[in-house]
Amino acid sequence: MHYGGGILCPEPGCGARVRSQQRLSDHRAWHRGETVCSVCRVRLSSKTKLRSHLQRQHGSDPSGGELWGQRFINL
């Protein structure tokens, strides 16, 4: 749904507005729990921010690298 201030998230009770369908897709990944760090369980606002978090905070390569012998799922 397009509203004057962007696209309204259709999730009940959310109310977030985003600027594009891509941002809505990223935002909805947050609702589905797809942006939670597998190491420290922090929840990030997008898959892109999760990738950056994994690299900066845990020294991992989210495209298939290893950290302490643990493989990360490809995002």
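Is Glu34 buried, partly exposed or exposed, and what is its relative accessibility? At 31% relative accessibility, Glu34 counts as partly exposed; the class lies between buried, under 20% relative accessible area, and exposed, over 50% (1.4 Å probe, protein chains only). The structure is a predicted model, in which local features need pLDDT of at least 70 and side-chain atom pairs count only at pLDDT 80 or more, while totals for chains, interfaces and linings use all residues. Residues are numbered from 1 along each chain as its sequence is written, and side-chain values use heavy atoms, with hydrogens and water left out.

The protein chain contains two helices and five strands. Helices (H or I, at least four residues) and strands (E, at least two) are DSSP runs, numbered from the N terminus. Read from the N terminus, the order of the elements is β-β-β-α-α-β-β. The chain has 75 residues, of which 29% count as buried. Among contacts (heavy atoms within 4.5 Å) with a separation of 6 or more, 10% are between residues 24 or more positions apart.

The UniProt annotation "domain: C2H2-type", from an unreviewed entry, covers residues 9-31 and 37-58. UniProt positions are given in the numbering used here, feature names are shortened, and annotations may be inferred rather than shown by experiment. In the model, residues 9-31 are 48% helix and 9% strand, and the C-alpha atoms at the two ends are 10 Å apart. Residues 37-58 are 55% helix and 0% strand, with the end C-alpha atoms 10 Å apart.

Leu24 is part of helix H1, residues 21-31. With a relative accessible area of 9%, Leu24 is buried. When neighbours within four places in sequence are left aside, Leu24 is in contact with Ile7, Cys9, Pro10 and Val18. Leu24 and Pro10 are separated by 14 residues in sequence, and their C-alpha atoms are 9.4 Å apart in space.

Three salt bridges are counted, a salt bridge being a side-chain nitrogen of Lys or Arg within 4 Å of a carboxyl oxygen of Asp or Glu. One of them joins the side chains of Glu11 and Arg28, at 3.0 Å from N to O. This pair links distant parts of the chain, 17 residues apart: Glu11 is in the loop between strand S2 (6-8) and strand S3 (17-18), and Arg28 is in helix H1. Both ends are partly exposed, Glu11 at 25% relative accessibility and Arg28 at 30%.

Arg32, Glu34 and Lys47 are linked in a network of salt bridges. In the bridge between Glu34 and Arg32, the closest N and O atoms are 2.9 Å apart. In the bridge between Lys47 and Glu34, the corresponding distance is 3.2 Å. Lys47 lies in helix H2 and Glu34 in the loop between H1 and H2, so this pair ties together parts that are 13 residues apart in sequence. Lys47 is partly exposed, with a relative accessible area of 26%.

The loop between H1 and H2 also holds Ser46, which is buried at 11% relative accessibility. Apart from neighbours within four places in sequence, Ser46 is in contact with Asp26 and Thr35. Arg41 is in the loop between H1 and H2 and is exposed at 57% relative accessibility. Although Arg41 is not a glycine, its phi is positive, at about 70 degrees. Most residues other than glycine have a negative phi.

No disulfide (a pair of cysteine sulfur atoms within 2.5 Å) is found in a search of the whole structure. Cys37 is in no disulfide, and the nearest cysteine sulfur, that of Cys40, is 3.7 Å away. This distance is too far for a bond between Cys40 and Cys37. Cys37 is buried, with a relative accessible area of 1%, whereas Cys40 is partly exposed at 39%.

Helix H2 spans residues 47-58 and includes His58. His58 is buried, with a relative accessible area of 12%. The side chain of His58 makes a polar contact with the side chain of His53, at 3.2 Å. A polar contact is a pair of N or O atoms within 3.5 Å; within protein, one must be able to donate a hydrogen and the other to accept it, and residues adjacent in sequence count only if both atoms are side-chain atoms.
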